[in-house]
4 protein chains.
Amino acid sequence: MNPVVPKIRMGFVGGGEGAFIGQAHRQAAGLDGGFELVCGAFSRDAQNNRQTGAALGLAASRCYSDWQLMLDTEAALPADQRMELLVIVTPNHLHAPIASQALEAGFHVFSEKPAALNLRELLALKEVLESSDRLYGLAHTYLGYPMVWQARDMVRTGVIGAVRKVLVEYPQGWLSQDVAGQGNKQAGWRDDPQQSGLGGCIGDIGTHAFSLAEFVADQPIERLCAALGTHIPGRQLDDDVSMLFQMSTGASGVLIASQVCAGEENPLKIRVYGDKGALEWRQEEPASLIHRALDQPMRTLRSGVGQPWLSEAASQRMRLPAGHPEGYLEAMANLYGDFARAIRGNVEGNEAPGVPGIQIGLRGMAFIETAVANHRGNAKWTELVCTA
Amino acid sequence: MNPVVPKIRMGFVGGGEGAFIGQAHRQAAGLDGGFELVCGAFSRDAQNNRQTGAALGLAASRCYSDWQLMLDTEAALPADQRMELLVIVTPNHLHAPIASQALEAGFHVFSEKPAALNLRELLALKEVLESSDRLYGLAHTYLGYPMVWQARDMVRTGVIGAVRKVLVEYPQGWLSQDVAGQGNKQAGWRDDPQQSGLGGCIGDIGTHAFSLAEFVADQPIERLCAALGTHIPGRQLDDDVSMLFQMSTGASGVLIASQVCAGEENPLKIRVYGDKGALEWRQEEPASLIHRALDQPMRTLRSGVGQPWLSEAASQRMRLPAGHPEGYLEAMANLYGDFARAIRGNVEGNEAPGVPGIQIGLRGMAFIETAVANHRGNAKWTELVCTA
Amino acid sequence: MNPVVPKIRMGFVGGGEGAFIGQAHRQAAGLDGGFELVCGAFSRDAQNNRQTGAALGLAASRCYSDWQLMLDTEAALPADQRMELLVIVTPNHLHAPIASQALEAGFHVFSEKPAALNLRELLALKEVLESSDRLYGLAHTYLGYPMVWQARDMVRTGVIGAVRKVLVEYPQGWLSQDVAGQGNKQAGWRDDPQQSGLGGCIGDIGTHAFSLAEFVADQPIERLCAALGTHIPGRQLDDDVSMLFQMSTGASGVLIASQVCAGEENPLKIRVYGDKGALEWRQEEPASLIHRALDQPMRTLRSGVGQPWLSEAASQRMRLPAGHPEGYLEAMANLYGDFARAIRGNVEGNEAPGVPGIQIGLRGMAFIETAVANHRGNAKWTELVCTA
Amino acid sequence: MNPVVPKIRMGFVGGGEGAFIGQAHRQAAGLDGGFELVCGAFSRDAQNNRQTGAALGLAASRCYSDWQLMLDTEAALPADQRMELLVIVTPNHLHAPIASQALEAGFHVFSEKPAALNLRELLALKEVLESSDRLYGLAHTYLGYPMVWQARDMVRTGVIGAVRKVLVEYPQGWLSQDVAGQGNKQAGWRDDPQQSGLGGCIGDIGTHAFSLAEFVADQPIERLCAALGTHIPGRQLDDDVSMLFQMSTGASGVLIASQVCAGEENPLKIRVYGDKGALEWRQEEPASLIHRALDQPMRTLRSGVGQPWLSEAASQRMRLPAGHPEGYLEAMANLYGDFARAIRGNVEGNEAPGVPGIQIGLRGMAFIETAVANHRGNAKWTELVCTA
């Protein structure tokens, strides 16, 4: 007899109607069929909360008015009914408080990034996590793309030789105007240091560029030199970042992140140059990985089930034959899939293999604080110290 | 009180382990959360069938050894438990027999294309359908892409003027070698006329190109001139198609479909030229629609929630902001979404708005038969007659 | 002592002010320094003629009021002063008459295509040519591109195996409206059968697509099935061509040429699929040749001096390191360079190696006449017979 | 009577056989027919010198063994025979000495960049120039591309609003290995500070990126922060540059230049973001200028004679209809064309309109020296002072 594989029971904090990222999480979790939504506290707005729950097929009894009530009530349910995994898709300042309490109440946590509002708060969360036996994951979605894993594996296996230069860029245009002043809620809380933290653009998307660079180049950034800018009168946080950096093996690099690059959508891009070749990947066309080997014609490696030139880690993150585009939701679904396997597999420790965890959260937070400090000072270089 | 929206209870015929398209259907149905898998007859191989069901979380009692048993048993269940929608993802020759019985047993049907093995069988299915009050849909997935709707809407509203020329092409490479002889099951049944029908490449992907051309150009093809080819010794059906055609308004066109274009993945592409401008779309980069207006610089319209230049029909088929790629599964999920709305909305008739139905199936079958007939004869042009 | 290499003395018929192609020929001839303009009959308009000559630095005595006078006068000059090569850049109907007289008067001829107005006239020219010891070349400029030679060499050496399918397309948009009626002189004579010949679009650009297909696939087209169209009221000749064809080894293909594809510039493109791989080249990005080998990632071969993967024939047709774009004038200059080497090298026969000659002209003319005949008839296929 | 337009008599220092850039200059000058090569001192190698001259059609009497002899001899020739313009295509350290003497001897000068080996030398050259009535130009070839002028004109006319961010990059790969040690002469002198100056990559191509940024953004860079690298043992000068900068209106930017980016050819690229839109241009595909206007679909402006959306300055720098690629030699020919017009037009002052002159040379030299100084120090920012 084949044992029936039960779905993982999942609850949400945040993600009421109108919140893009919450819906994206539900779609990603639904894609591969491993999860079942059983409860939620979707919005502080009671009507939005009820409507969201009903539209998602939740009984009113599992649609909670606030997250504390949800944690308490769910914890008291029978083991085979209660939520197993809490997904946190609130504004930034709530990530750590909710995660800490959920972990303490015995739930696994998958949180939108950043892990916390600042380094102090994040270290406290880390302590809670390490004293638990629960899993914790961060939605660094771009690290779920198969060709990002392919690139990392090619770096690791020496295909491009020793890394010399890393260029990573993430120009967006959606904050080119005062959209917060025009009522865009997503833009609004992002520019409030109380809800967003020390960094604006650097926290929101600079950390994506940073973690992608460290992941693909397979080494840490050790010091950096940053220039931040703010282009709209009244805007409180940075909306533009330019940065030089140096990595642990002597590789140098440039990181560009901006939200005032008019007309740009979401073209996160990385190029890694080694002494034997180079790799290039762009999120808006995620199926293609360009490989330039010294003295060879350029090759374009394409994703797709069964392509013999792909690494195992890349191949496992694909669903479709070559030429059938997979995208952002599939990348996020890869994180959910790895999280599900870790939960069902009773993985030890607090990290789900394949899923960005607290360490990536820590490095991202150190990155933000180091960059802001460097920007404000006169020193050319500032060391990126991540003690934890 | 908000009424809880129940999920649509869905069963599968076909789609056991190892069958790509069945898994794709389940992923697409799962993406937006509107469906719940309640039963299946996934494979004639009993072990595969049981394993598939268990892995999908199905109780053994809803995992049936054959589809007739499933139809009978499900029909006898209480109305609030029984399957509502049957998804058919078997080889071609079973599509019509299963669909007919399922409709007669009171189930909605969503079937892989083609609707039937030949025109006669298809007309019989159509009769069954029309005497029922059930909905019937065909997985012409490429018609679920938002920018395909955008293109059609731009043609309809006269943006490119009167259509003059339509170029549609679909070159694949996966049958460049004798993969059936090497054990590829997908390739195997596709080359068996008993399971696949009269057409090989022309049925498998030529019909996609054909229906895309008629959909975007918003008019029927009236006559055609075709050359088919078969390139592997022992292969029974065509693997290559080149065709001239003429449409109802006088527009002319070219259709290319092939499965022996070495190295090509899945670049279905359409270009429509009118007297005021032109449109171009390519499935492998589905977020971009190129618009060339006479005497204007080329524009690239990009998909994305909230883009003001997109039509309503296109906008409704998107989930993410611009620059976050959506792909093949999202296109198929759009068909599932429209099917769910039609079921829940108790739409009258047998077609779910937005979902390709029996008419598109009929035209596709007439297309295959006309092309094969033209290829075999000496006449230059053959009328494409679709009496139904 | 190194012998000084004298420039080849060159005269023009046609190419007065306002004529794009004449200026392009002078620029191409000037690029590599092998030619010296010594005389011209640039325009029937006496003022245009004088102004053009003066602007080009010609003494009034070598600026002739008509081409007959030029041929007579130049032939009477001392051998070290007289024109050696006549370049013909007039409307089509004058090509053959001028070429014949020039050859008889002892001049080499480089002519714009087509070689003649019809097959009869062309065969007469061929006789004149073969009874002379002069060289004759045709400005099939696209056959001067280095990556076109690279593609042909890769086909010849079996890199892509046996050719199965050839797709060649040449969609332009500049005749989408009645530009002749609006005074465009280039469009005007092209639509006059007396000046242009039997074919409109098929002669003007269809022949480029045709000769490119035969050149790269390295085999003749044997039969074809054509549909021609004319889209502007009052237009006399075709402005749109769609065609199926079959080649001598059994390869099949499609040829598309149009001048009513709104918004298209000059994207002549060819794809050749063999049983081991495929090649793709597009004139608007001429430095890149895409190579898809079976079961290998796509490669992009780039032009550039010193690239080790390029054939000798391709490498000889480049001037600059990779990444420094060469274009249309450089391609034409390659034809001029080969013509100069042939003249200086006293090549035997009437063809300059590397330069399209009377044979390509003949096949192009047979192509036009065959396509028009097929279009007008009811037979599906017409043999392309080229007896000469 | 139309006065005959005589060609400008031109001589070369440098550019013997095997020197790519000298040949490129002759091809560019030959393209539009405005120049006549009358003399040269092509190489210190007597045989190479003679062979080059003879191959170019020069009489032995005008092929000089050294440039001093050439200047003296030519200056003594009758005014209607002697060289008018001296083109300098030697290694860097000879640019200024030759240019100074040539100007003093009464010749116009068109020099490869940089204008001099260092700032001191350049200021001395500037004095000589300003005390003459001759014209001086620098081969900043990329400033000859029509779409670069189009971009600058769109910035100037406010199409993209106030400039916020400028990203310019120039990654090459040809020095990824020790090619100088392997005998590559181009690489050899470039790495010798006595012949090349203070900068390696930053001087060779960093200055191109720098001048392109200032030209298109239409404003000076005021301060910068640079990190230089050298990656090959034994290499003396930098081969890699990363830089942050700030411009006079508050715009910030990033400049990347490298010659160790394995596999890269010559993809000089600039993006300029303003508060109303953005522009993007890439040298390897020079006919396309991407324009992103806020809240509009992306437009691709294409070069081509007669495109109504192009500025006058851009249109004047094109020869061919859209879709007929023009490239690097055409860009350089545009500089030659402007230089010819200035000479024939007896322009006052020392700069030929449209041709980069001594001011651009000065800024480029200040850029090199400022970047090297910043790189060596600990200060974050260094002002770019250009007193002249």
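This is a predicted model: local features need pLDDT of at least 70, side-chain atom pairs count only at pLDDT 80 or more; totals for chains, interfaces and linings use all residues.
Helices, of at least four residues, and strands, of at least two, are taken here as DSSP runs numbered from the N terminus. An unreviewed UniProt entry annotates residues 8-138 of chain A as "domain: Gfo/Idh/MocA-like oxidoreductase N-terminal".

The arrangement of chains A and B was examined next. Two copies of a chain are related by a rotation about an axis and a shift along it. Chain B can be laid on chain A by a turn of 180° with a shift of 0.0 Å along the axis, and the RMSD is then 0.0 Å. That is the relation of a two-fold axis. The same surface serves both copies, as 100% of the contact residues of chain B recur in chain A.

In the contact between these two chains, 42 residues of chain B meet 42 residues of chain A. On the side of chain B that touches chain A, two or more residues come from each of α1 (20-31), α2 (46-55) and α11 (328-344) of chain B. The most is given by α1(B), with 6 residues. By class, this side of chain B has 20 nonpolar, 11 polar and 11 charged residues.

Chain A also touches chain C, in a contact that takes 9 residues from chain C and 9 residues from chain A. On the chain C side, the residues divide into 5 nonpolar, 1 polar and 3 charged. Strand β13 (residues 298-302) of chain A pairs with strand β13 (residues 298-302) of chain C in the antiparallel sense, over 3 bridges. Arg299(A) stands opposite Arg299(C) in β13(C).

Elsewhere in chain C, helix α12 (residues 358-376) has 19 residues. From its first C-alpha to its last, helix α12 of chain C reaches 27 Å, close to the 27 Å expected at 1.5 Å a residue. The helix α12(C) is mostly covered, with 15 of its 19 residues buried.

In chain D, Gly304(D) is placed in the loop between β13 (298-302) and α10 (312-315). Gly304(D) counts as buried because 20 other C-beta atoms lie within 10 Å, and the cut-off for a buried residue is 20 or more. Leaving aside residues up to four places away in sequence, Gly304(D) touches Met318(D), Leu320(D), Pro321(D), Ala322(D) and Gly323(D), as well as Glu265(C). The C-alpha atom of Gly304(D) is separated by 43 Å from that of Asp45(D), 259 residues apart along the chain.

Methods:
Residues are numbered from 1 along each chain as its sequence is written. Chains are lettered from A and ligands numbered from 1 in the order in which they are written. Copies are superposed by least squares on the C-alpha atoms of residues with pLDDT of at least 70 in both. Two residues are in contact if their C-beta atoms, placed from the backbone, lie within 7 Å. The expected span of a helix is 1.5 Å times one less than its number of residues. A residue is buried if 20 or more other C-beta atoms lie within 10 Å of its own, exposed if 12 or fewer, and partly exposed in between; C-beta atoms are placed from the backbone. Ala, Val, Leu, Ile, Met, Phe, Trp, Tyr, Cys and Pro count as nonpolar, Asp, Glu, Lys and Arg as charged, and the others, Gly among them, as polar. Two strands pair if DSSP finds at least two bridges between them. UniProt positions are given in the numbering used here, feature names are shortened, and annotations may be inferred rather than shown by experiment.
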